[in-house]
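Me: I would like to go through this model by question and answer. Please keep to what can be computed from the atoms.

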Amino acid sequence: MKYKIHHKTVYRYAEPVRRSVHELRLEPRTGPLQLVHAWQVSAPGNLSAARDGFGNIIHNFTLAGPASRIEIVAAGEVEVIATAGATGFHDLPEEGEARVSPLYFVAPTPMTAAPAEIRAFAAPFLAAGHELPALLALADGIAGRVRYKANTTDVGTSAAEAFHLGSGVCQDQAQVMVGACRAFGIPARYVSGYFYDPAATEMASHAWADICLDPESGLWCSIDVTHRCVTDGRHVRLAVGRDYASAAPIRGILEGGTGETMTVTIDISEVA
C-alpha cells in the first residue's frame, strides 16, 4: 500500500511567543516495514536534521523573533510493505549509525511504569513466554481493560493512570502494553505514526507498540493494541521511543506565548 500524507499543525497564541526552540519527529524513515519515496518538512525557522539514538529522523529549529502563529507541515509518500512484519522484523542500525541496544527499552519511565495491578493483569498472558500469540492475547486483554474513549486522558497521562481509569486513547493503550512487557523484562518501545482507514474520522494519527522477540538479533514485532492486531498495510511508522514523550511528533520550549491553541489536520490518501 502506498500513501500520500499531508500533516499540518498550526499553533496560535494570544500573547506572541518571544523565543522558542522546537524538536520534530515528523519524518518517517525507510526500514523493513516501509519505503519512503518522498518527504518534506517545513517550518518557519531553519531546519537542521539528524538521527537520534533510537534511529528516528529529527528536525530542530529556533525562532528568535515574536510569533503569534507557528505552522509546521510534513508531507510526502510512503509505501508500506503489508506483510513484512507478520511474523516479526529485524530492525538493525545502518552502517555507521549509533543506536541504543534493544535492552535499553526494558527500563520503565514515569509514563510507562507498571504498578502491581498491571503486573498482575499481564502475568497470566506472559506466564509461558512472550511469543507472538501471547503478546496478541495480552494486547486484546489491554484493549478490553483500557477501553478506547476519546477525551478521557491527555498527553501527560501515564500507563498506570489510564489502567486505573479503564479508558483512554491509542497512546494510553500502547503505553500500558509497553509497561506490562517491561515489567517482565521484555524490551518494548512506543511507536508513533499514521493509520489509514477511509471510514475513520479521528484516528489518522496513531500509536502502537514494538515488542522485542530477540534482543540479540534485533527481532521485533509491532502490535496495534487499539485494533488488536499485528501492524499491517494500514500503518505508517513515524518514530519510536521509550514512551510518548520521547517519540512525540512535536516538542518545544517557549518564552512567552500564553493562550495557546492548536489545530491539526492530517490527510491520507492511497496512491495508485
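**Charges, fold and cores**

Me: How far apart are the mean positions of the positive and negative charges of the chain?
Reply: The model is a predicted one. The chain carries 22 positive and 29 negative charges.

Me: What radius of gyration does the chain have, and what would a compact globule have?
Reply: The C-alpha atoms fill a box of roughly 55 × 40 × 40 Å along the principal axes. For 272 residues, a compact globule would have a radius of gyration near 19 Å. The chain agrees with this, at 18 Å.

Me: How many helices and strands does the chain have, and what share of its contacts joins residues at least 24 apart?
Reply: The secondary structure consists of five helices and 15 strands. Counting contacts between residues at least 6 apart in sequence, the share that joins residues at least 24 apart is 74%.

Me: What percentage of the residues is buried?
Reply: A residue counts as buried when its relative accessible area is under 20%. The chain exposes about 12,200 Å², of which carbon and sulfur atoms supply 54%. Of the 272 residues, the buried part is 49%.

Me: Which element supplies the largest share of the largest nonpolar core?
Reply: This core has 27 residues, and Leu135, Leu138, Met177, Cys181, Ile211 and Ile223 touch the most other members. Elements that supply at least two residues each include helix 1 (116-126), helix 4 (170-183) and strand 10 (205-214). The largest share, six residues, comes from helix 2.

Me: Which residues does Leu138 touch, not counting those up to four places away in sequence?
Reply: Leu138 is one of the residues that touch the most other members of the largest core. Leaving out residues up to four places away in sequence, its contacts are Phe121, Ala122, Phe125, Leu126, Met177, Ala180 and Cys181.

Me: How many residues are in the second core?
Reply: This core is separate, and Ile5, Val41, Ala74 and Tyr196 are among its members. Its size in residues is 25.

Me: Is Asn151 buried or exposed?
Reply: Asn151 has a positive phi of about 65° although it is not a glycine. Asn151 lies in the loop between strand 7 (147-148) and helix 3. Its relative accessibility is 79%, so Asn151 counts as exposed.

Me: What relative accessible area does Arg228 have?
Reply: Arg228 also is not a glycine and has a positive phi, about 55°. Arg228 sits in the loop between strand 11 and strand 12 (229-230). Arg228 is partly exposed, and its relative accessible area is 37%.

Methods:
Residues are numbered from 1 along each chain as its sequence is written. This is a predicted model: local features need pLDDT of at least 70, side-chain atom pairs count only at pLDDT 80 or more; totals for chains, interfaces and linings use all residues. Side-chain values use heavy atoms; hydrogens and water are left out. Helices (H or I, at least four residues) and strands (E, at least two) are DSSP runs, numbered from the N terminus. The radius of gyration is taken over C-alpha atoms; the globule rule is 2.2 Å times the number of residues to the power 0.38. Buried means under 20% relative accessible area, exposed over 50%, partly exposed in between (1.4 Å probe, protein chains only). Contact means heavy atoms within 4.5 Å. Accessible areas come from the Shrake-Rupley method with a 1.4 Å probe; for residues, only the protein chains shown count as cover. Lys and Arg count as positive and Asp and Glu as negative; His and the chain ends are not counted. The place of a charge is taken as NZ of Lys, CZ of Arg, CG of Asp or CD of Glu. A nonpolar core is a set of buried Ala, Val, Leu, Ile, Met, Phe, Trp, Tyr and Cys residues joined through side-chain atoms within 4.5 Å.
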